[in-house]
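Dear colleague,

Please find the structure for your review below.

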Amino acid sequence: MKKNLSRIITTIVLIILSIYFLYPTYKDYTLNKELSKLSGQDSIEFVDKNNQELISAREKRLKLGLDLKGGMYVVLDVDVVKLLEDMARKKDEQLTGILAEVKEISKTSDELILETFKIKLREKGLNLKNYYGEIRDSEADVESKLTSEIDNSLDRAVEIVRNRVDQYGVAEPQIQKIGNSRIIIELPGVSNPEEVRKLLEGTALLEFKLVYDPGKAVKVFEAINKMLVGDTSIAVDSISANKISEDSLKTKNESLTSKDTTKNTSASNKDSLSKSKNTSSSITKDSLKDKKIAADKDKKDKKDTSKNKKDTATDADTSLVETDTSAESDTSAAQLSEEEFKAKYPFFTLVQMNQESGTADGYVKDSDKDKVERILNREDIKAIIPTDLIFAWSNKTFDAEGEKIHVLYTVKRDAEMTGKVITDARSNIDPTNNTPIVSMEMDSEGSSDWARITGANINKRIAIVLDNVVYSAPVVRSKITGGNSQIEGMANVQEAKLLEIVLKAGALPAPVKIIEERSIGPSLGEDSIRAGISSSFAALILVALFMVVYYKFGGSVADLALIINMLVILGVMASLKATLTLPGIAGLILSIGMSVDTNVLIFERIREELNGGKPLRTAVDLGYKKAFSAIIDSHLISIITGIILYQFGSGPIQGFALTLIFGLLANLFTAIIITHVIFDIMIEKGKNISFG
Amino acid sequence: MRIFHNTNYDFLGKRKKFYFVSLAIIVIGFTVLFTTKSIPLGIDFIGGTELQIKFEKDINISELREAMDNAGFAGMEIKTMGSDKDILLRTPLQEEGQVVSDKIQQGIEAKFPDTKFEVLRLDKVGPKIGAELRRNAIFAVLFSLIAILIYLAFRFQFVFAVAAVIALFHDVLITIATIAIFDAIFPNLRLEFNQSMLAAFLTLVGFSSNDTVIVFDRIRENIKLFKNENILDVMNKSVNSTLSRTVITSGTVFLTVLVLFIFGGEVNRSFAFTFGVGIITGTYSSVFVASAIVVDWKERTTALLKDKVAKRSKITTPKVKKVNA
C-alpha cells in the first residue's frame with residue numbers, strides 16, 4: 001500500500017492539474033455560448049460586465065489552430081531584391097537589369113541573394129562599391145554594411161507588421177520571426193484576406209505630426225463627455241479598479257534636441273536635458289479629483305497649468321470656463337462620490353488625464369480600450385471632433401495596478417513632414433548621464449524643413465507616428481538646424497532600440513512579399529471541427545466498448561485510463577499554451593490507439609501467465625513486468641519519430657507531432673502507473689479481477 | 001472471449017511466398033504510378049494556388065472551366081467535392097503578390113454574376129516554400145529511419161535493427177504502391193501527396209516499427225528461453241504468441257482510422273487512407289519481412305558456421321590420420 005500511496009497521489013495531482021488547466025477552456029466556452037444568444041446592445045453590456053472573466057478565460061483556454069477556427073496564415077519574406085534597389089545610391093539601367101536577373105534566379109535558388117547579386121555584378125565588371133559605397137569604403141566594408149542592413153530590415157518589417165496587425169484589431173494574432181528573412185503571421189478569424197494582404201505588403205508610413213494643443217484637446221474631450229452624459233446607452237463600467245493610483249502613471253517627458261556639435265548648442269542641450277528630467281511628472285493619487293476639477297473647470301487650477309505651458313492658447317482657457325457654468329458642478333466638485341463621478345463623467349472615467357503634466361494625453365486601461373474606440377467611432381461623436389484632430393494610440397503600454405495602460409494621443413491630422421527624409425537613426429547611451437538616446441539624421445532638404453518646423457514649435461510636442469501609431473512624442477527644446485536631432489527620455493535601451501527601428505522604417509522601408517498564404521473560411525473551420533470531434537468520439541466509444549467486451553473488468557480499467565489520458569493530454573496542451581489543430585486531433589486519435597495497444601499488451605501477458613497457472617497477483621505483476629520492455633521500446637521509438645516530425649514539419653504537421661508526443665508520454669504514465677495501481681488495490685482487497 | 005488462442009501457424013516457413021507477394025505489389029503499384037502519373041503532388045510540395053469555393057447553388061462545371069480559360073487559366077484543375085456547389089480550383093501558376101486568386105475570383109464573378117459564392121479555403125504556396133517542404137519531407141523520413149536503426153541497434157542485435165528498417169522501407173513502398181493503385185481505380189478518393197499524407201507516412205513508420213519491436217521483444221525473450229531450439233521454431237513460436245495482441249491492436253487502431261476516414265472530413269482523408277494501408281502493411285511486415293529477414297540471416301550464418309565447422313573438421317581429420325600413420 002505504501003508503494004502505491006505515492007502513485008495514487010501523483011495520479012490525483014495530475015488529474016486535478018489537468019482539470020485546473022482545462023477549466024478556463026470550459027469557462028470560455030460557456031461565456032461565449034451565453035454571448036452568442038445575445039445581440040446588439042445586450043451583447044455589449046454582457047461583454048462589459050464580464051470583461052475580466054472573458055479576457056482571462058480567453059488567455060488561458062486551449063488554443064485552436066486556424067484550421068479549426070478559420071483565419072489566415074501568412075509567411076512573409078523580406079524582399080531583398082527590392083531592398084537592394086531602394087538602397088542603391090544611383091539607379092541606372094544596368095543595375096535594374098542585374099536586379100531583374102537576380103530576382104529570376106532567386107525564385108528557384110537557395111543561394112543568398114546578396115551572393116547572387118555580387119556574382120552578377122562581377123560578370124558585368126562592376127562591384128558593390130559602385131552602387132552602395134563611398135569613395136573611401138573598401139568592398140568588404142560595403143558588403144558587411146549591406147548584410148547588416150538586410151538583417152535589420154527583418155526587425156523593421158516585424159515591427160511594421162506587428163503595428164499594423166495590432167491596429168487591424170485581430171484577436172490573438174501571432175507574429176513570429178523565422179530565420180534571417182521570414183515572418184510567420186497567424187490571424188485567427190480573419191475573413192477578408194484581400195484586406196490583410198494590402199495591410200501586410202503596403203509600404204509603411206512614418207510621419208511627424210504636431211501634438212494637438214492641450215487646451216483645445218481637453219475641450220474636445222469634454223464635448224465628448226457631454227455627449228455621453230446625454231446618452232444612457234453607454235454603460236459605465238462598474239469596476240472600481242478604474243482608479244489608477246499614485247506613482248503608477250508616470251509620464252516620461254521625451255525631448256527633442258539638436259545634436260549639433262558646436263559648443264553653444266551642446267551647452268543648451270545639457271540645459272534642456274536637465275529640464276526634461278525635472279518635468280517628468282506623475283499622476284497623483286488624486287488623479288480622479290484632478291479630473292473632476294478639470295471637468296468642472298476649476299479656473300484656478302486651469303490657469304496654473306496653462307501658465308506652465310508657454311504656448312497655451314488663451315481662447316481655450318476662456319472657453320473652458322464658459323462651457324459649463326452651472327452652479328451645481330462648481331460647488332459640488334470635490335464632494336462628488338465615485339459613483340456620481342462616473343455617471344457625470346463617463347468619458348473621463350474611461351480616459352483619465354493628468355492635469356499636472358500640461359498635456360492632454362489620455363490614459364486608458366487595456367480592458368477599456370475597445371470601449372473607447374467604440375465611442376470614438378460613433379457617428380454622433382465623430383461629428384463633434386474637429387476635422388484637423390485625430391486620435392492616435394501609443395505603441396507601448398505600461399503597467400499600473402496589474403493592468404496595461406494605453407496612452408491616447410490627440411494629434412493634428414496633417415503631418416508636418418514624412419519620415420522619408422531620414423537618412424539614418426541610431427540608438428545609443430548618452431555617456432554624460434547613462435540614459436538611452438536616439439539620434440536621427442536627415443537629408444539636406446529634410447533638414448531645412450525640420451529647422452523651420454522645430455523653430456516654430458519650440459516647447460511643443462511633435463509625435464513620431466508610424467502607420468497611425470504614436471511611438472514617441474518628444475518636446476521640442478530648440479530649433480534644430482543641420483538635420484541632426486537627438487531624442488531622449490526613453491525608459492530603457494529596448495525602447496530606444498525600438499524607436500531606432502521605427503525611424504529607420506521611415507528612411508528605408510522594409511519591403512516584404514507574401515510567399516505562402518493559407519486562409520480558411522470560418523464555416524470550413526466549423527465543419528472540420530465538427531467532423532474531427534465527432535469522429536474522435538465515435539472512435540473512442542467503439543474502442544472502449546470493444547475493450548470492455550473483450551477484457552471484461554480489465555477492459556473497463558483500461559477505458560478509465562484512456563479517459564484520464566485524454567484529459568492529461570489536453571490539460572498539458574492548455575498549460576503549455578500549445579495549439580490544437582486538425583492534424584492534432586488526428587494525433588489524439590492515434591494516441592487512443594497507442595493507449596489501447598499498451599493495455600492489450602499487458603492484458604495478453606497477464607492472460608498468458610494466468611493460463612500458465614499463476615495466481616492472480618503474480619500474474620498481474622509478471623504481466624506488467626514482462627510487457628514493460630516492449631512498451632518502453634515502442635513508445636520511445638514513436639516519441640523519437642514524433643520529435644523528428646516536429647523538427648522538420650511545418651505548422652499543421654507540428655501540431656500532429658505535438659499531440660502525439662504528449663499522448664505517448666501521458667500513455668506511458670497511465671498504462672504503467674494508474675492501471676497497475678487500480679489492479680493492486682483490487683487484489684489487496686481480495687477482489688477477483690476478470691481479464692476476459 | 002479469446003481469439004487466436006494457442007495458435008501454432010508456420011508463418012515463417014512460407015516466407016519466400018510472401019516475399020514474392022510484397023515484390024509483386026510494389027512492382028504493380030510503381031508501374032501504375034509511373035504509367036498513369038497518379039498520386040498528384042499537392043501544392044504544398046510544388047507551389048501554386050488552390051481555392052475551395054462554395055457556390056450558393058449548383059453550377060455548370062464546363063461553364064466554370066470556360067470562365068477560367070477566359071481568365072487566362074487554360075487547363076486549370078477543377079474538381080467537384082461532393083456536389084456541384086463545392087468546387088476545388090487549383091493551378092500551379094505562381095505569380096508575385098496575390099494576383100492569381102484575385103483573377104480567379106474575378107473570373108468567376110464575371111461568368112456567374114448572379115450566383116454568390118464563398119471562398120472556404122485559399123492556399124497559396126510559393127515555389128521556394130514548396131521546394132523547402134519537399135526537402136524537409138525527405139529529411140524527416142530519412143532521419144526517422146536512421147533514428148530507429150540506431151535505437152534498435154542498441155536494444156537488439158544489429159541484424160534485428162537492419163531487418164526492422166528494411167521492413168519500414170517495405171511499408172513505405174507498399175503504401176505508395178497501394179495508393180497509386182487505388183488512386184488509379186478510384187479517382188474520386190482524391191488522394192494526393194500533401195503535408196497530411198506526409199504525416200501519415202511518418203506515423204506509419206512509427207506504428208510499424210512499434211509492431212515490429214513488440215514481435216522482436218518476444219523473440220529476444222524466447223531466444224534466451226529456448227536456447228537449444230531451431231531459430232525458425234523459436235521465431236514462429238514468438239510470432240504466434242504475440243498474434244492475438246498484434247491482431248487486436250492493429251484491429252483497434254485500424255478501427256479508429258476507419259472512423260477518421262469516413263467521418264473525419266476531406267482534410268483528414270488522405271491521412272486516414274494512407275495510415276490505414278500502413279497499419280495493414282506494418283502488421284504484415286513485422287512478421288513476413290522483419291522476422292523473415294532475421295530468420296534468413298540467422299539460418300545463413302548458422303549454415304556458414306556449420307560449413308566452417310565442417311571444413312575445419314575435414315581439414316583436421318586427415319591431419320589426425322597422418323599423425324596416426
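This is a predicted model: local features need pLDDT of at least 70, side-chain atom pairs count only at pLDDT 80 or more; totals for chains, interfaces and linings use all residues.

Residues are numbered from 1 along each chain as its sequence is written, and chains are lettered from A and ligands numbered from 1 in the order in which they are written.

Chain A

The secondary structure of chain A comprises 26 helices and 21 strands (DSSP runs numbered from the N terminus, helices being H or I of at least four residues and strands E of at least two). Of its 692 residues, 44% count as buried (20 or more other C-beta atoms within 10 Å of the residue's own; 12 or fewer is exposed, and in between is partly exposed; C-beta atoms are placed from the backbone). Contacts are pairs of residues whose C-beta atoms, placed from the backbone, lie within 7 Å. Among those in chain A between residues at least 6 apart in sequence, 76% join residues at least 24 apart.

The interface

In the interface, 60 residues of chain A are in contact with 54 residues of chain B. On the chain B side, β4 (117-125), α5 (127-155), α7 (195-225), α9 (243-263) and α10 (265-324) each supply at least two residues. That side divides into 28 nonpolar, 17 polar and nine charged residues (Ala, Val, Leu, Ile, Met, Phe, Trp, Tyr, Cys and Pro are nonpolar; Asp, Glu, Lys and Arg are charged; the others, Gly among them, are polar). Strand β20 (residues 512-520) of chain A pairs with β4(B) in the antiparallel sense over five bridges, where pairing requires that DSSP find at least two bridges between the strands. Within this pairing, E516(A) has V125(B) as its bridge partner.

The core

The largest nonpolar core has 243 residues, and L76(A), A157(A) and V502(A) have the most contacts inside it (a core is a set of buried Ala, Val, Leu, Ile, Met, Phe, Trp, Tyr and Cys residues joined through C-beta atoms within 7 Å). Helix α23 (residues 522-575) of chain A gives the most to this core, with 18 residues. Beyond its neighbours within four places in sequence, L76(A) is in contact with residues including A157(A), V161(A), L200(A) and V512(A).

Sheet strands of chain A

I437(A) has E488(A) as its bridge partner in β19(A), and D424(A) has E441(A) in β15(A). In β19 (residues 484-488), four of the five residues are buried. The hairpin of β14(A) and β15(A) has four residues between the strands, and N434(A) takes a positive phi near 60° there.

Helices of chain B

In α1(B), S22(B), G29(B) and V32(B) are buried. These residues cover an arc of only 100° around the axis, which puts them on the same side of α1(B) (the arc is that of the directions from the helix axis to the C-beta atoms). The face turned away from the buried side carries exposed residues, among them K16(B), F20(B) and V27(B). After α1(B) comes K37(B), with a positive phi near 55°.

A67(B) lies in helix α3 (residues 61-70) of chain B and counts as buried because it has 22 C-beta neighbours inside 10 Å. A67(B) touches G107(B), I108(B), A110(B) and K111(B), not counting residues up to four places away in sequence.

With kind regards

Definitions and conventions: Two residues are in contact if their C-beta atoms, placed from the backbone, lie within 7 Å.
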